[in-house]
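This report describes a protein model in terms of its strands and its charged side-chain contacts.

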Amino acid sequence: MSDDESHNQVFETSGSGASLTFPIQCSALRKGGHVVIKGRPCKIVDMSTSKTGKHGHAKVHLVAIDIFTGKKLEDISPSTHNMDAPNVRRDEYQLVNIDEGFLNLMTNDGTPKDDVKVPEGDLGKEITEGFNDGKDLLVTVVSAMGEEQAISSKEAPKGAA
């Protein structure tokens with residue numbers, strides 16, 4: 001029985017995994033754009049291209065920051081090769097509640113979403129304090145490659161309804 005369950009899980013992740021990234025030629029990457037390095041979705045902060053050597057292709061040197069952990073990653077690849085770029089989405093949700101370390105959010109159409117953790121550090125404190133002060137907060141959540149994280153919050157405009 002447990003074999004079937006694990007097969008289902010693998011099937012689900014491979015089924016949904018197809019649209020998590022898309023191929024992009026190295027020469028088409030740009031600073032400020034996104035790329036996958038070592039299996040992590042990253043934002044490119046610096047890139048340089050070396051001249052073509054005697055035996056080969058121009059190489060692209062990428063320096064990027066993991067959009068979830070903030071870690072710096074580097075990669076070097078021939079400019080003609082394809083790399084994966086993550087499909088990155090940003091969505092804004094209304095904060096309804098904070099429950100056991102998770103944000104209880106609501107989409108524009110009223111669908112509840114409660115699987116995003118309260119972020120660590122100052123942002124988490126800011127969201128929690130704002131919520132405790134009775135502020136009507138909108139939280140921006142970035143999602144890429146099956147991960148999600150709250151990246152900012154702002155007070156909802158008054159009288160927008």
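The sections below cover the basis of the model, the sheet and the salt bridges.

## Basis

This is a predicted model, in which local features need pLDDT of at least 70 and side-chain atom pairs count only at pLDDT 80 or more, while totals for chains, interfaces and linings use all residues. Residues are numbered from 1 along each chain as its sequence is written, and side-chain values use heavy atoms, with hydrogens and water left out.

## Sheet

An open sheet is built from four strands in the order β2-β3-β4-β5, with antiparallel pairing. At its edges lie β2 (34–37) and β5 (72–78), each of which pairs on one side only. Strands (E, at least two residues) and helices (H or I, at least four) are DSSP runs, numbered from the N terminus; two strands pair if DSSP finds at least two bridges between them.

Strand β3 (residues 40–49) runs antiparallel to β2 and is joined to it by four bridges. Opposite V35 stands C42 in β3.

## Salt bridges

There are seven salt bridges in the structure, each a side-chain nitrogen of Lys or Arg within 4 Å of a carboxyl oxygen of Asp or Glu. A network of them links R40, D66 and E147.

K113 bonds in this way with D115, with 2.9 Å between the closest N and O atoms. K113 is buried, at 14% relative accessible area, whereas D115 is partly exposed, at 48%. Buried means under 20% relative accessible area, exposed over 50%, and partly exposed in between (1.4 Å probe, protein chains only).

In helix α2 (residues 121–132), D122 and K125 are three residues apart, which means a separation of about one helical turn. Their side chains meet in a salt bridge of 3.7 Å, N to O, and D122 is exposed, at 61%.
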